[in-house]
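User: I am learning how to read a structure, and I would like to go through one with you step by step. Could you show me the general idea behind each feature and then the case at hand?

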Amino acid sequence: MATDFDPRFDPAFQRGYDGPGVGPVVEPARPVVEPVETRAAPVAERVETSPAPAEPLEPLRYETRGNPWLRALWVVAAVFTVAGLLATYAAQSLMQGANTSSAIDYYVLPLTVSQLAPWFTVTGLFAGVAALVLNAIRWRPEAQ
């Protein structure tokens with residue numbers, strides 16, 4: 001039988017407990033906070049509020065007019081898409097060309113360009129979609 005029970009916990013769940021009636025008597029835990037009745041009630045202050053506006057507020061607008069980054073996004077979209085398509089054409093032309101001076105011209109350049117061309121095209125298309133989304137967010141129909 002253990003005599004060093006922790007009084008914070010039920011003795012039945014501690015090492016050395018042998019059954020009912022064995023172990024120290026555990027006192028019920030005392031509340032840490034005051035009972036609700038003895039606490040002071042908060043004082044509510046009267047606050048003057050203005051009446052609700054007659055018309056609903058305009059929704060938040062995202063202004064993109066004159067944004068240089070949006071213009072740059074359109075330029076990147078156009079340049080990357082065209083560059084990807086031209087790189088695909090150039091890689092196929094290099095592969096078909098029989099007059100090459102070295103192995104680099106015959107193998108390395110066409111394969112490198114043909115591997116990068118789809119990434120340029122897809123990046124340009126994604127930039128175009130992003131620019132369209134930004135313009136669509138900004139668009140609001142005129143008041144009727």
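**Reading contacts, burial and rings**

Analyst: Let us begin with contacts, meaning heavy atoms within 4.5 Å. Among contacts in this protein between residues at least 6 apart in sequence, 58% join residues at least 24 apart. Please keep in mind that this is a predicted model, in which local features need pLDDT of at least 70 and side-chain atom pairs count only at pLDDT 80 or more, while totals for chains, interfaces and linings use all residues. Residues are numbered from 1 along each chain as its sequence is written, and side-chain values use heavy atoms, with hydrogens and water left out.

User: How many helices and strands does the secondary structure come to?

Analyst: Helices (H or I, at least four residues) and strands (E, at least two) are DSSP runs, numbered from the N terminus. In this protein there are two helices and zero strands.

User: How do I read burial, and is T81 buried or exposed?

Analyst: With a 1.4 Å probe and protein chains only, a residue is buried under 20% relative accessible area, exposed over 50%, and partly exposed in between. T81, which is placed in helix α1, has a relative accessible area of 18% and is therefore buried. Leaving aside residues up to four places away in sequence, T81 touches V76, F120, T121, G124 and L125. For the protein as a whole, buried residues make up 14% of the 144 residues.

User: How is a pair of aromatic rings described?

Analyst: One gives the distance of the centres and the angle of the planes. Rings of Phe, Tyr and Trp (its six-membered ring) pair if their centres lie within 6.5 Å, and planes under 30 degrees apart count as stacked, over 60 as edge-to-face and the rest as tilted. By this rule there is one aromatic pair. The ring centres of F80 and F120 are 5.3 Å apart and their planes stand at 70°, so the pair is edge-to-face. Because F80 lies in helix α1 and F120 in helix α2, the pair ties together parts that are 40 residues apart in sequence.

User: What relative accessibility do F80 and F120 have?

Analyst: F80 has 28% and so counts as partly exposed, and F120, at 33%, counts as partly exposed.

User: Where is L109 found, and how accessible is L109?

Analyst: L109 is found in helix α2, and L109 is partly exposed because its relative accessible area is 38%.
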